[in-house]
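Visitor: I have a structure to look at. Could you walk me through some of its helices and strands?

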Amino acid sequence: MDLNFAPEDEAFRDECRSFLAEALPGDVARKVGLGVQPTLDETMAWHRALHDKGWIAPNWPTEWGGPGWTVTQKYIWDEEQALANAPRPIPFGLSMCGPVLMAFGTEEQKRDNLPRILSGERIFCQGYSEPGAGSDLASLKTRCEVHDDRFVINGQKIWTTAAHWANWIFCLVRTSTDGKRQEGISFILIDMATPGIEVKPLITMDGLHEVNEVFFTDVVVPRENLVGEVNQGWTIAKYLLGHERMGGGALGTQKNGLRSLKEIAADRGLEDDPAFMRKVVEVEIELQTLEMQMLRMLAAVSADREIGAEASMIKIRRTEIQQRLSELKMEAAAYDASPYRIEAMEHGWNEEPVGPDYANALAAKYFNDRKHTIFAGSNEIQRNIIAKRMLGL
């Protein structure tokens with residue numbers, strides 16, 4: 001198994017770096033590098049730049065506007081944009097709903113949604129989790145009455161990322177209570193402007209507005225918005241979760257985190273502290289080991305070999321490394337990470353920071369990174385998947 005990149009892949013990497021150097025606004029890259037969330041306008045401006053380049057949907061086939069990249073090229077691009085501190089396009093349409101529609105949607109649904117997702121006209125959010133249904137998603141209770149020409153939906157979704165930005169939502173809803181819980185779920189697309197939908201912000205412990213509650217009260221949805229068949233939603237959900245767990249497959253974000261950790265350690269005079277640098281070396285070794293695992297999987301995918309529980313293994317290690325990096329940055333910055341000022345995360349803030357520029361967002365990042373081992377199926381659930389599929393337990 002050859003884990004080295006071919007010359008043509010390295011040439012593609014150079015092309016990615018040249019494009020990013022030319023097209024990515026420096027102020028936006030600096031903001032992302034400091035842990036400040038770009039505005040919707042900044043995020044969508046970058047979306048349009050990638051769309052104009054033809055690179056907005058690396059995983060899409062050329063038939064629907066994808067660039068026709070190999071698996072390796074997708075991996076390289078994912079890494080390079082993270083290393084450049086490019087803002088992530090809103091993923092729910094591009095990486096989740098789009099692939100679902102290609103696999104399960106009608107031709108009319110594809111023609112209506114895919115070009116609009118590609119251009120950024122249609123911004124989706126994901127209506128999965130509920131107050132009583134997170135990792136145990138089959139427990140969802142949002143009710144959907146089935147009529148000949150329409151559906152009527154009542155219920156609540158929670159932790160809905162970007163619902164305050166989105167104009168559409170794809171939802172799992174309960175269309176039947178007969179049989180196994182998984183057999184009574186359907187997958188539906190809903191216009192967020194439909195009467196009866198209310199979005200309420202949830203301010204997380206870092207003080208930022210990223211997630212929301214979404215309430216549905218007698219929301220009427222046309223029958224043609226059903227994806228697949230009634231009660232087929234669990235099959236679609238599993239397909240989509242596979243895409244979500246492998247989303248952002250490269251390790252550019254973690255490599256950037258390691259680089260900034262070393263810079264903070266140098267600034268704080270910790271490079272000669274053997275106890276602290278041992279921790280840095282340990283997480284660097286873990287990151288290198290994970291990269292080798294990912295490159296082996298990349299080679300397997302390129303050879304059309306099926307990937308099973310490996311996705312769960314990678315999800316666990318990547319998220320744990322992400323959390324470890326944010327922990328070590330907090331430790332390195334020490335007291336300078338304490339005077340967290342939420343105002344400094346807002347756009348237009350131009351006062352002098354209390355400590356170094358890098359320190360203000362460290363607490364917010366530390367708290368926000370707690371979610372990584374929970375979303376897309378908690379790491380505890382991933383370990384159960386590995387035990388079942390790989391160990392036969």
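Visitor: Which residues of helix 6 do H47, R48 and H51 in helix 3 meet?

Guide: This is a predicted model, where local features need pLDDT of at least 70, side-chain atom pairs count only at pLDDT 80 or more, and totals for chains, interfaces and linings use all residues. Residues are numbered from 1 along each chain as its sequence is written, and side-chain values use heavy atoms, with hydrogens and water left out. Helices (H or I, at least four residues) and strands (E, at least two) are DSSP runs, numbered from the N terminus. With contact meaning heavy atoms within 4.5 Å, the partners in helix 6 are I117, L118 and S119.

Visitor: How many nonpolar, polar and charged residues does the contact of helix 3 with helix 6 have?

Guide: Ala, Val, Leu, Ile, Met, Phe, Trp, Tyr, Cys and Pro count as nonpolar, Asp, Glu, Lys and Arg as charged, and the others, Gly among them, as polar. By that sorting, the contact of helix 3 with helix 6 has 2 nonpolar, 3 polar and 1 charged residues.

Visitor: Are helix 3 and helix 6 roughly parallel or roughly perpendicular to each other?

Guide: Axes are lines fitted to C-alpha atoms, for helices over the stretch in contact, and angles run from 0 to 180 degrees between N-to-C directions. Helix 3 (residues 40-53) and helix 6 (residues 107-119) have axes 8 Å apart, at an angle of about 110°. Angles under 35 degrees count as roughly parallel, over 145 as roughly antiparallel, 65 to 115 as roughly perpendicular and the rest as oblique. So helix 3 and helix 6 are roughly perpendicular.

Visitor: At what angle do the axes of helix 4 and helix 9 cross?

Guide: V71, T72, Y75 and E79 in helix 4 meet residues of helix 9, including E291, M294 and L295. The axes of helix 4 (residues 71-83) and helix 9 (residues 274-302) come within 9 Å and cross at roughly 150°.

Visitor: Is E80 buried or exposed?

Guide: E80 is found in helix 4. Buried means under 20% relative accessible area, exposed over 50%, partly exposed in between (1.4 Å probe, protein chains only). E80 has 4% relative accessibility, so E80 counts as buried.

Visitor: With which side chain does the side chain of E80 make a polar contact?

Guide: Leaving aside neighbours within four places in sequence, E80 is in contact with R13, C16, R17 and L20. A polar contact is a pair of N or O atoms within 3.5 Å; within protein, one must be able to donate a hydrogen and the other to accept it, and residues adjacent in sequence count only if both atoms are side-chain atoms. At 2.9 Å, the side-chain partner of E80 is R17.

Visitor: Over how many bridges do strand 3 and strand 7 pair?

Guide: Two strands pair if DSSP finds at least two bridges between them. In strand 7 (residues 209-222), P222 stands opposite R150, and V214 is the bridge partner of K157. Strand 3 and strand 7 pair in the antiparallel sense, and the count of bridges is 7.

Visitor: Which residue in strand 3 stands opposite E145?

Guide: A hairpin of 3 residues joins strand 2 to strand 3. Strand 2 (residues 143-146) pairs with strand 3 in the antiparallel sense over 4 bridges. The residue opposite E145 is V152.
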